Amino acid sequence: MKVEVFTFCWNEMEIIPFAVDYWREYATKVTVFDNGSTDGSADYLKKFDFIDVVPFDMGGGMDDILFIEKKNNCWKGSDADYVIVCDMDEMVYAPHIKKSLCTMKRNGITICEPIQYTMISDRYPEYIEGLLMHETSRRYFKSQSKAVLFDPKEIKEMNYTPGAHTCKPVGNVVWGNEGVYMLHVDHNLSLEYKLEKYKKLDARRSKRNVEMKLGIHYAFDEKTITDWYNERMNESVDINDVWER
């Protein structure tokens, strides 16, 4: 089973060690498109022989139109059984992921929308080598899924919209899932971290993003973000209980 990951980075050093551990579970190759990270992210990623780091300059900021164009095209030509096209903080996982992917392939499934749970934490998670993120930070809430996993030889176009929450795939489209999940960090490493990260991301929004109201959630005021955070914490569950259902 050959699985290729295409993902994106800008100053994600807090998340990368966790992401690498998940990739080791199933990825044959990972391509990281780096938008000018300055926190050591690119250098850290280059230490791994299955990870390629490719510069992806969006003019010193964040432009969702350029971003989605890359997501819609970067995987084309891959000879993998499945590709995963996702953000750095979106981690595909299953308790027996290789078995799940092989079952999907055997059943002719060409595109999968993993069941998504988003992490929420009241403290900055400690990275412990040998433990996956969900084993050290266990609180997650059910959230909107994305079609991030598909067969690049059967799917010809994904036609993602900005944010990649929706798509209109073209080709031999056979939807299905065999117990595959996606764990989304969404900057929720703590409330303090999210508030600070949103300020930085809001400052990086391109003129086009601002005009089109893309990434507008980064500009939310502190009370709105705090209220949202507390609500999600209250509805969160222990993700390890989800695997056991």
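The open sheet here has five strands in the order 5-12-7-8-13, with mixed pairing. Strands and helices are DSSP runs numbered from the N terminus (E, at least two residues, for strands; H or I, at least four, for helices), and two strands pair if DSSP finds at least two bridges between them. Strand 5 (90–93) and strand 13 (237–238) sit at the edges with a single partner strand each, so one side of each has no neighbour in the sheet. Further in, strand 7 (residues 115–119) and strand 8 (residues 139–142) run antiparallel and are joined by three bridges; M119 stands opposite Y140 in strand 8.

A word on the source: this is a predicted model, where local features need pLDDT of at least 70 and side-chain atom pairs count only at pLDDT 80 or more, while totals for chains, interfaces and linings use all residues. Residues are numbered from 1 along each chain as its sequence is written, and side-chain values use heavy atoms, with hydrogens and water left out.

Next, strand 4 and its partners. Strand 1 runs parallel to strand 4, with four bridges between them, and V3 stands opposite Y82 in strand 4. Strand 9 runs antiparallel to strand 4 and is joined to it by two bridges; L149 in strand 9 is the bridge partner of I84. Y82 and I84 point one way from strand 4, V83 and V85 point the other way, and all are buried. Buried means under 20% relative accessible area, exposed means over 50%, and partly exposed is in between (1.4 Å probe, protein chains only).

Which residues of helix 4 (residues 97–106) are buried? They are I97, S100, L101, T103 and M104. These cover an arc of only 160° around the axis, which puts them on the same side of helix 4; the arc is that of the directions from the helix axis to the C-beta atoms. What covers these buried residues includes strand 1 (3–9), strand 4 (82–85), strand 5, strand 6 (111–112) and strand 9 (149–150), with contact meaning heavy atoms within 4.5 Å. The face turned away from the buried side of helix 4 carries the exposed residues K98, K99 and R106. After helix 4 comes G108, with a positive phi near 75°.

Now the aromatics. Rings of Phe, Tyr and Trp (its six-membered ring) pair if their centres lie within 6.5 Å; planes under 30 degrees apart count as stacked, over 60 as edge-to-face and the rest as tilted. By this rule the count comes to 16 aromatic pairs. Two of the pairs look like this:

| Pair | Centre to centre | Angle between planes | Type |
|---|---|---|---|
| F8 and F67 | 4.8 Å | 85° | edge-to-face |
| Y93 and W243 | 5.2 Å | 55° | tilted |

F8 lies in strand 1 and F67 in helix 3 (residues 64–73), so their pair ties together parts 59 residues apart in sequence. F8 is buried at 6% relative accessible area, and F67 is buried at 19%. Y93 is in strand 5 and W243 in helix 9 (residues 239–243), so that pair ties together parts 150 residues apart in sequence. Y93 counts as buried at 10% relative accessibility, as does W243 at 18%. Y22, Y93, Y117, Y181 and W243 form one aromatic cluster.

Two arginines also sit over rings. The charged end of R204 is over the ring of W10, 4.0 Å from its centre, and the charged end of R232 is over the ring of F141, 6.0 Å from its centre. The rule is NZ of Lys or CZ of Arg within 6 Å of the ring centre and within 35 degrees of the ring normal.
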